[in-house]
Every structure is written in structure tokens, then in C-alpha cells.
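Let's walk through this assembly together, chain by chain and contact by contact. Keep the sequence and the 3D view open as you read.

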4 protein chains.
Amino acid sequence: MTETSLAQDTAADTATGSPVRLQAVAAPGQPDVTPALEELYRGFEQELLVPLWTEIGDLMPAHPRSRAVPHLWRWERLRHLAARAGDLVPVGRGGERRAIALANPALAGRPFATPTLWAAIQYLMPGEDAPEHRHTQHAFRFVVEGSGVWTVVGGDPVPMNRGDFLPQAGWNWHAHHNATAEPMAWIDGLDIPFQYVTEAQFFEFGRDEISDAERVTPERSRSERLWGHPGLRPLSAASATPGSPLLSYKWAHTDAALSDQLLLEKEGFGGTVEPGHAAVRYANPYDGSDVLPTLRAEFHRVARGAETAPVRETGSSVYQVFDGSGVVTVGDTSWTVTRGDLFAVPSWAPFSARSEAGTTDSDAGALDLFRFSDAPVFEALKLNRTQKDA
Amino acid sequence: MTETSLAQDTAADTATGSPVRLQAVAAPGQPDVTPALEELYRGFEQELLVPLWTEIGDLMPAHPRSRAVPHLWRWERLRHLAARAGDLVPVGRGGERRAIALANPALAGRPFATPTLWAAIQYLMPGEDAPEHRHTQHAFRFVVEGSGVWTVVGGDPVPMNRGDFLPQAGWNWHAHHNATAEPMAWIDGLDIPFQYVTEAQFFEFGRDEISDAERVTPERSRSERLWGHPGLRPLSAASATPGSPLLSYKWAHTDAALSDQLLLEKEGFGGTVEPGHAAVRYANPYDGSDVLPTLRAEFHRVARGAETAPVRETGSSVYQVFDGSGVVTVGDTSWTVTRGDLFAVPSWAPFSARSEAGTTDSDAGALDLFRFSDAPVFEALKLNRTQKDA
Amino acid sequence: MTETSLAQDTAADTATGSPVRLQAVAAPGQPDVTPALEELYRGFEQELLVPLWTEIGDLMPAHPRSRAVPHLWRWERLRHLAARAGDLVPVGRGGERRAIALANPALAGRPFATPTLWAAIQYLMPGEDAPEHRHTQHAFRFVVEGSGVWTVVGGDPVPMNRGDFLPQAGWNWHAHHNATAEPMAWIDGLDIPFQYVTEAQFFEFGRDEISDAERVTPERSRSERLWGHPGLRPLSAASATPGSPLLSYKWAHTDAALSDQLLLEKEGFGGTVEPGHAAVRYANPYDGSDVLPTLRAEFHRVARGAETAPVRETGSSVYQVFDGSGVVTVGDTSWTVTRGDLFAVPSWAPFSARSEAGTTDSDAGALDLFRFSDAPVFEALKLNRTQKDA
Amino acid sequence: MTETSLAQDTAADTATGSPVRLQAVAAPGQPDVTPALEELYRGFEQELLVPLWTEIGDLMPAHPRSRAVPHLWRWERLRHLAARAGDLVPVGRGGERRAIALANPALAGRPFATPTLWAAIQYLMPGEDAPEHRHTQHAFRFVVEGSGVWTVVGGDPVPMNRGDFLPQAGWNWHAHHNATAEPMAWIDGLDIPFQYVTEAQFFEFGRDEISDAERVTPERSRSERLWGHPGLRPLSAASATPGSPLLSYKWAHTDAALSDQLLLEKEGFGGTVEPGHAAVRYANPYDGSDVLPTLRAEFHRVARGAETAPVRETGSSVYQVFDGSGVVTVGDTSWTVTRGDLFAVPSWAPFSARSEAGTTDSDAGALDLFRFSDAPVFEALKLNRTQKDA
């Protein structure tokens, strides 16, 4: 944590042998340090008690003060290390996936991009399979480059191509197989840290090998054929399941939706979030809710030369630059970013993005940003707040 | 955490100076330890990356394996130390409350009864006031003994008497004042750890002193007069607010509801959860939801000689014994408990309770248990599971 | 209907023999009357077609223009005729109930108080039983005077006393039995007209005789013992059913809730709908929704000398005067009303009530009004509108 | 109504001059006809009362027994008469629309296809405009043939082409203009009868002429550009409105969705409702609900040679044959149907459809059926029931 509580000193040795360590200190708002207080604190330690008055500053701040820090991971470096892992680390039962997670530097070396979010690069060599398993952690894949892997979800092979977003709700069986002669890398997002702290996790191994029938390589998954028609619900789909029944949101649709918004704005009809800032949320076609119970996914396009207003939100996000280049600002930190770069936005840190004008002669040059966050958790529990900084 | 991950050694010193520390180890499911792998791991450290294959056992267990442990706190000891704090620790702005929290011995001395729940004994001396503040953390009070304090919520003085349950949703102004010549102790429950890990917290100081008009000591709060009539909603209450508008659930009602259930069962009409086990959930009269968005509160009565079946649930609970005595079992641990004792039940630990037969000649002798848990979090996010052990 | 459509003349004889009768008329907004138009209209008749342009004024008015009219039924007369029916009309299988319905004078002699609501006086002689049946129509009983009947719902005998409100959702088995030596009258409210026009009705005969075990006369039904504790939900109640699980809302609670509101107002804390106007909605304790999916029930108390502001609402209501006396105004009609009187308020007719000051020396004298309406239908379908007349 | 109630004789003349007419009759379940009973009935008439025992058979049948009857309207005849109306009946303020409604022969010549549903053919001549208005009635357009009209909804011109479905929730301004040199016909569906009986209607005139800027003829409406991308919600769309924000569901999508289902079935993966029977529901992309609060719309494709199982539902439907030919059966009535034919299915009447095998040499020949119904009303009020006949 970024702030040491007043009276705790985990290094201190005490007579009690208790994990609780309390040290009376002279400070405003604290009781007078007397032998009697010291004795009381020894009593607290012995009974495994901690007073509020020594902890309140850390536990109940005026506004969220994240333990995490803003941080940027360069795609080039990630891909390089992932490719090296492709050479050295086999994929198989036990390790399960060749996935390498972003570790926020302020979170004690844990593989957590933020206190609630997991983001990893996954890498699969030509012809390789990642074995089937299922878990309660909600997950998705997002493809910033490459193609050739099919994720097989409940027996349905889902292709993965640049720009595709594949949500996968908890407790669905899934495996990956690379059907090509090229390695492929993509991004996995999960709520692993959230389920780790709330202790909700279940995990089961599935088949070591998927069947030959599942090794087919269709252009559209069966889920897309059932659910991928705008505004049309198959009558055969009787009831809701947690998470989206649509297993792939193809890039062509996302791209068209964002282009349409910018054009509508140009024609004078609005449609964007703010000038030059188009954005969509990936939604569950069954009920319009977030694609996953604990994770929200969005795609933002900042038109060439445009800039977004700084916004703070409770909860954290991870972004990946999909295309273009620009400058993103998280709190006091700014980075010039380019394709594939990933960065973490901690709770209540103001975020804004600016597309680089003049970096290209063409009319293109929008900054395209994929984002995922823990917003559904906050909304479900009525803990969400948003603030637009002036 | 209870399990050390394979490759992390937080004490290790490395050349990278990174918070990430990875150590290649020879183990099943792990890649061969080679100089190349060591070099890869150094690269991960430098880039703040952690592989899944070294962490998966800790992060994605087959079922929830709590970092917390079952633990019991004896009321007698708590009350004694709280009374001593009454002598030594003033209540005022800054420290805010004379509250002393249960610290689960497996949670590194943090004031967390479980990974998501805060439970504390609060103590107010004769004539004392705790100053007004508000916070997004959802809170409640439960009174196991004594009386004489009024909690003033948004200007509405709510009396506190044995058996009363007072929910208080986040962001409501509140103060406490002891209107009598006796000290009073009670239990505070909050979602402080949950909001700490998700980083949702806001906090504001209110007035240092409540007004004279708020120092009245009515038997019923205004909230009870508006909302405390069974099945009747005031038409003047236009819209929902997070959390229950009913600020006190009086003991007489809870007691009657539990007695009625046991009588209905005796008459052959069911009504109990299982034989001899009556239980109610405190509910928001506006919409029947949990009294607080992140906390569930229940009251259980185990009839004399009865025993509940062991149940596991995702999520954790804290219980306080309200009356009677008996034996409670959490996982492999059993305790004989009596009035006021508090204990923590970690996620997925099986829990059962048995009322002591023969400890009394009278017809009474039921074991009365107050319980609160983080169940609404799990249900809202579709992470809830329950399993009845045979 | 109150307005004859332009081109329809149901008495007219035409060559087509069709139920459709169209007559070309010279009127603003209508096509020129020519032989060709006449021929077109004959073609419409033959093919069972009706043009919009002749009907639009009737079908699509600027605001709801009810086919029903405001009307008052005097309790004294109703009770007298019901008692006479007690002498002459047996209760038994086939006729099912000795219930006599209010027939709005503008609804063609149909037993509909309004286009969607049924209200009837039901009468049971000493010792008499009304046989068991069930139907999809949602129903309730309200008792303006007397006592001695138990309604047996799914085997649970529910007492009926002055001021009690007994909701009974569709498809529950129910019978009535008079356990005393006195006849008893009460009010039945149902959605019979609504289900008649939407054609949703199912009906089944049950047992001709309830069992001896069901002839007991408890003071509280089992449903009250399980669900009648404010804010407390039995854990044994697993899931929702259509309509309230609480089968009686006792007068003592309603009376106390209304008194509390008027006192809170007097103390300066609001709580009423408007000055001197206390009101509660009967709510489903499971989820706070209306007690019945198609019917809302409320109780209004207009303090002595107070007056309510005229309000229009989409949808219709029936009121019964429970106590006091006063003047009620529906549209252009005003009546001085007293205990037991019933009146219908059509859709969008402004309604207000004034309690008679000076009619009594005592401090009492509030006008107590029971009300039921079809509001849940309008709210569920987003057709609700309310307008407060200045 | 199809059944005359026992004691009512609306033609009878009585001394009371009341709209209520009661006649004592000797019949099972009825009281003995005596002078006293006759006198009682005169009393009922005078007080505007109707007993349940004479009406129960009509009002509370064992199952829905619709006042409507199955009926078929031939498209050829409708279009012919509509074209003739194009010559004779101007479109303008007052009459508002050249719409000609289906009148169920058992509903007394009223322009109601079923007791709750309105279905009409609307016809617009080359260059013609239908003036702007808005109403609370929920409406849609469906195009079985032709093109060239744009419906301007809130200023957004929406093209209309064969197979397109255009929902339009209540209280949205709308006009139509024919931008071509050809007349065009289409189908309007509304909940006019439902709002007529519940008395919820509001109506307002808008501008007589739409602006030149609204006379543009884009291929896609702005609503489609914002909302027509599968699974993608524009972030700029802050909140829900009643009814779908997507104003056109284009035929290409509907056709593809149905083809995909039949192919999935062929490949062994299900996806159809039953063998050879593909079906989609038009859904609100905001929340997956029905496109209109009171109306459900679906499209069914019965593969060549396939047959659907007879199903009964509470509530009524209107179907239009979009393509192919076959035999449809409603209750005891069967018709051979072809493109454009419309038919009404009353509440609880069993419905099935069979595609004509052998009527074509090509592989095509599926029977394509557009359907709309009042199902959302029944589901919102928990009155829905479905029964598959063996």
C-alpha cells in the first residue's frame, strides 16, 4: 500500500507473537502515548484487534487513492519476450497457458495490472494447442495483430483475427489451437485479481485434446451465426446465461460503428461522446448488459487532432493501443504511445488521450484504443462515480 | 497468502531492482531450468511481467482456498479492552470513532475479519458524542447488550437497544451520541476491506456537533415511523436510494418472526430452513433487496437440541452469538460459544451450528446467531455458489 | 363508447351482410362523397376493412376520453340488496360466489366498474361456505365492516376484520367460510374486465368442501406469521411468486402508518404526500412491487379540514370510503360521501377529496379512503402519465 | 362476445330505464325464479349492479375463449382496394393516414384485427406526404413489397424496402414521404385496440410539412448507423427510452439469421425452434427487450416440406406471409396462403404452419412468415401461458 498506517509496523518484533503489531505514536488525532496505552495495544495484539483510529487515514481516504500506479508496457518488448517464451516454455497441462501477465510496479510484484484486473499476452506456436479447462474467472481475448488461432468454446471454434474481441464468461470449457504455420500473440483479460481477493474461484481441467471435429477453421463461429445479426434474437435461445452468448465481436463491425459515429458528428447529428471521440461498448445481445458480469470492454477512436476531456472514475482500466499514435495522460504521467502498447489507469486517476495530428499525411491517423475495466462491479454495487475534470 | 507461488520470492534480491522477482524452479508443469530460461525471467522482471505458469496454482485453485482462517473472538475480552479504551482513548475528529476491529490472524495483521468484511466493537462513554461524517463504505450496527446510544442519521435519531439491527447505506451523514449515564458497546459491520481492495472509497467530515434538536431520544426513529409498518410503503417516498430506508430493525420483530417459524414447523407447516433452524434475512422494504448493496445480514435461531447441516458458500461471513450457547464448527475447527462471541467463516469453509441441549432446565435455550456476509457482491456478479455437505 | 365514429352505423342495413358498416359522410377531413367512394366503402365492407380516417377521432383522441363515467354507489343500498340476495340466492358450485358487481352506467350494463376493474360486494350467511376454485384473475378482499369470515387460501385460513386488506394473486386455490352466527359483507376487487378484454383467463373448480383442519379460526394466517414482520424475509422462502406472499395487511398496521405520517408532518418532518394527506401503498414484501401484477391498492387519509390537489392519471380507480365523511370530486361531479360508499374514477378524470371540517366535535374526522387501480398495467407497459392540475 | 350471458338481455325494455338489464332464468347454478328474485333483480338494475352468478360463464371461462375468430385477408384484395383509395381519398391533416384496417368479423365491425391488435395496409402515392404527428400508441411498419417511402422519425429519414421492419415507439414524431414516382403499400401494426380498452391514449399534431433537409433519401437511417452494429452500443447513448432506438431492421440481416439457423441445424448443431423451423425475435439492442413495450415482432421461416407443431398462447397474433406458400391452421380453420396474405390468430387458438413441398422446382420454397403479437403485455403482467398440443 502507498501509505503506512500510523501504528502498524510489520517489521517490529513484539512480545505477543501476534500478526498484529501496534505502536503508539504521538500524532494529531491519536491518543496520548502512555504506559497504559502501550498496555492496551499489547492487549489488542494478543486478542487480534486493531483500532480504527490508527488506520482510518489508510482505509477511509477522502477519495480513492490507488495502491496501483499508472504504468505503460511496450508491445514490442512484450512480443519479443513472448516469442522467446515460445521457444523455451512448453504449453501443456499444469501450466495451462503460455500467458505472461502485466505486473503493476506498485502491487508488490503480483501479476495484477490493477488491483482487480489481469492482462496478459498469450502466445501460441504453429500447430500448438492449449489444453481445455474452465474456471469461474471471466475472460476475454483481444487481437492487436496476427491471426490463425481458433478458440474452441464449448466445442465451437471461434476464429481470432486482428481487431476481434472474444468474451468468454466464467465456467465455459475452452481450448486454443493454432491452425497455421505462424505463431500468434494476443491479449487475455480476466478478473483474476478480483476473484482472488473475493475468493470466488473454481477451476476444472477438461480434455487434454480437442476432437478432430473441433479442429475445423470456419470464418464464423456458430455463436456468431446465431447471435451476430443486429437486433435479432434466435427464438431457440430460451434463457439467459452469465455473460454474452456472442463469442466474437468482429473488427469489421467495430470499425464501421466508429466510422459511422464520426461521420454523423461531421454531418451535424452528434453520435460521439465528445467532439472527435467515438466510442462503443461491447454488449451482451441477450439483454444489453456488459459482455461479462465483472468486466466491461469498450473501443474508443480519437479522431486525428482531437483530444478527450480528462475523466476520473472509480475502478480501474487497462488500455491497449490498437492503431494510430498519440499521447495518453494518466494522472501526472504522459506517454507517447503506438500500436500494441498497454497501460494501466488506476481508480480515480484522471485519464485523457490525444491523437497525434500531423504524424501522417493521409486522412487517417485516428488513435484507436481498446479498453477494459471493472466498471460492472462498481455499477452492480452502486459504487460507481464519474467526474469530468474541467 | 497461504501458499507461496512457485517462482516468486519477495525476499530475493535481484539485479533488476524490479518489484517482480522470479526464480526458475524444477517442478512438474514448469519449464526446464536453463540459463536461457533464467535470462527470460530476468527479462520479465525488467519489463514488469509475471508468467501464469508459475502462479496458476495460487491464483486459480480448484475451489476457493481462503487466505483467511476461521477464528473466534471472545466477547468478554473485547468488551474489557473496549472499556479500557474508553478510559484512555478520546473520541473526536480525526480518529472519528472508538472502534476496535477484528483482525483475522492470517491476514497479515490487517484489521480485516475476512478478506472483504470489517467487524469492530465500538464503545461510547456516558454523554459522549462521535462526530458526524459520511463515507461510501456501507455500514451497520448490531447491539448484543446495553442501550442508551442514539445514532443520528441525516438528522434522524435512531435508538439502539439489545437485538436491534441498524443498517446505514454509504454516503449518509451520521453521528452517535450516548444520552445516558452508562457506557455502551455495540458491533459495527462494514465493507471496508472490500472497498479497500476495489478502491471505491470516499469520505467527508460533517459537523463536529449535532444540534440540540437532534439530541432528542425518541423510542422510534422517523425512518421506522415511515417504513416500519409491514408491507406498507409511504406514497411520499418517491424513489429508491442505495440501501434500506428503514434505519432500525427492532428486536421484538426479529424475535417474533423466529418464534413464529419454529411454531409453524411444530404445527406441521414448515417455515424453517431445516428442522429446528429458523432464519430471517433483513430486507430493504423498498424492493426486498439486501439492506446494503454489499452486505447481507441475517438472524438464525437454532432450537434447543437442533443442529444445522454443514453448508459451504462462496464469500465470507462474520457471526455474533446473540443468546444461548452451543457449538459452532467452521471447517475443522469447533468452538463452544456463548453470548457476544464473534467468529469468522472464510469463503467455502463449511459451517454448522448446534444448540446445547441440557444446558438449561427451561424451555428456552435456543442458540441465537446474528450473521453478516458479503453475499450480495457474489450474487450481483453471478459468482455465488452454495454446497450442502452430506 | 361515448363518441360515435364518423362512418359507422351499426343499425344500418347494407347489401354486404358484413359486420362492417361504413357510410360516406361529408365532413372536414373526410374524402368527398361520390359514387366511387361509396363503392370503395362497399368493397371495404366486403373484405372486412375499416379505414383509419373515419375512426381516428374515436380511437386516437388527444388525451384519454373514457368510455366510463364517474359514478357513486351508496353502501347502504348495496348492503341492503346483498342481504336480500343472502335470503334468495344460494352459494354453491356453478354460481360460485354471492358477489354483486358495480356496473358503470356508461359501459352498456356490463359488470365493470371501469373498463379494467371489477368491484363487487360479496355476502356470506352464517355458517355458509363459498366453494374452492382458482382463476388467473388477480383478486383482493377489503373489509369495510363486520368480521367472522376466513378466506382459506391454499389451505391457510386468513381472518377478515374491518380494515383488513387481503390480496390474492391469480391461480391460488381459495374458498371462504363464515365461522360465526352473523352474515358478513365485504368488497371484492379483481381485474376481470382487463383479463376479459385481453383474453387471458383460466379457471378451475376445486374441492366442494374444505377440510375440518381448514375450518380453524386463527387470529393470524400462516402467511402473516411468515411474512408479516417488517423488513424481515423468511430464509425458507426460496423464490418469487406472482403477487404478494403476505395474504393479509391488518388494519392496525395501516392505521398506525397513516397516523405516523400525519404526526411526522405536524412535527415538521414531512412524510405526507401533501399537507394533511397521508397515504400508503400495499406492497409485496418479497420485492416491494405492487401486491398484484395488475392491481395497485392504496389507503389514503385526508386529515380533518384538509383537501387534496386534483390529479389526473392514465388508468382508472375505484375508491371505497372507509371512515369519516367528506366531498370527493371526479371530473365535474362532486359527491358528499360517507362510510362504505364506492365510486369510480375513469382514466384521466381529475380527482380530489376534501375531508369535512366541522362535522364532528372530536379531534378525529379524517376522511379515510381505500383505493385500488390498474396502475401496475400502465407502469409495466410504460403507459403511465400523471398530471397535477393547478 | 361469443356467448350471451345468462341474465342479460340488452334489447329488453324494463321499468328501471337502467343500462343494466337482468332477467331471472331457470338454469342450473341459478337461483329459483320467484317474484322475490325478480324484485331483487329490479333492485340491482336500479342501483347499477350485476350479479356474478349470471355472468361467470362468460367472464371466467375455463380457458381463454376469444371473442375474435380466426380470419384471413387476401393481400391481392387489400392492395387493390388500397390503390383505389389512393385515387379517391386524399392524405392530409385530420384523416392523417391512408390506412385501412383489418376488422375481425367477430368484433362488431370495429377496426380491430384481434381484441388488442391493429393491422392496416397503408398506401402512399408518388410524391405524397403523410403529415407529422405523434401518439402514445406503439407502432411499426413492415414491408412485404415495394420501396420508395422514407418514414421520418424525429427528423431521421428511415428507408422502407421489402422485408424491412421499422418499429416506432409511442410519442415519437413521425411522418412519411414517398420520394419516388411509384405508389407504395406497406403494413402498419399498432396497439390501438389495447390502448383503446385501457384508455391510455394521447395524440398530438406535428408540422404539416417536413423540412427539405428531411426529404433526403439515405440508404441507412441515422438510427441504424448508431445502433445497427451487432453487439455494439454507442457510448453516447446515455439512457433507455421506451422501445427500440434502432428504427429499422433490414431484410438482409433477417434473411441471413434465418438461413444460418437452418444451416446450423443441417450441420447438426441445432439453432432452430424445431426441425425445419427457424425463427428470430426483433429485439431492442439497448436491453434485449421487445422492440415495443406492448408489441412483439418475430420472423419465422418454415423450410420447404417442414411443419410446425401446433402451439397455443395466451394473447393474439397477426401474421403476414412474406414469401413462399403453404397451409396455415388456426383452430379448426386451414388456409392455403401466399405472399402478402394476412391472418389473425385469437388467444389460445392452436396455430401451426406447413410449407408447401413440391410447389417449386428450386431449392427455395420456404414459407416465410412475419408475426406480431401482444405477448409483452402478457409477460409483463405474468399472464403468459403456452401449451404445445401433442
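In strand 1 of chain B, B:P51 is the bridge partner of A:I100. That bridge belongs to a pairing between strand 3 of chain A and strand 1 (residues 49–51) of chain B, which run antiparallel over three bridges. Two strands are said to pair if DSSP finds at least two bridges between them; helices (H or I, at least four residues) and strands (E, at least two) are DSSP runs, numbered from the N terminus.

Before going further, please note that this is a predicted model, in which local features need pLDDT of at least 70 and side-chain atom pairs count only at pLDDT 80 or more, while totals for chains, interfaces and linings use all residues. Residues are numbered from 1 along each chain as its sequence is written, and chains are lettered from A and ligands numbered from 1 in the order in which they are written.

Now zoom out to the contact between chains A and B. Chain A gives 79 residues to the contact and chain B gives 79 residues, where two residues are in contact if their C-beta atoms, placed from the backbone, lie within 7 Å. Several elements of chain A each supply at least two residues to the side that touches chain B, among them helix 1 (35–46), strand 3 (99–102) and helix 7 (375–380). The largest share, six residues, comes from helix 3 of chain A. By type, that side of chain A divides into 50 nonpolar, 20 polar and nine charged residues. Here Ala, Val, Leu, Ile, Met, Phe, Trp, Tyr, Cys and Pro count as nonpolar, Asp, Glu, Lys and Arg as charged, and the others, Gly among them, as polar.

Helix 3 of chain A deserves a look of its own. Its buried residues are A:W75, A:L78, A:L81, A:A82 and A:A85. Seen down the axis of helix 3 of chain A, these fall within an arc of 135 degrees, so they line one face of the helix; the arc is that of the directions from the helix axis to the C-beta atoms. The face turned away from that buried side carries the exposed residues A:E76 and A:D87. Buried means that 20 or more other C-beta atoms, placed from the backbone, lie within 10 Å of a residue's own, exposed means 12 or fewer, and partly exposed is in between.

After helix 1 of chain D comes D:L48, whose phi is positive, near 60 degrees.

What joins chains B and C? Three bridges link strand 14 (residues 277–282) of chain B to strand 13 of chain C, and these strands run antiparallel. In strand 13 of chain C, C:R233 is the bridge partner of B:R281. The contact takes 36 residues from chain C and 36 residues from chain B. Helix 6 of chain C gives the most to the side of chain C that touches chain B, with seven residues.

Finally, chains A and C do not touch, with their nearest C-alpha atoms 17 Å apart.
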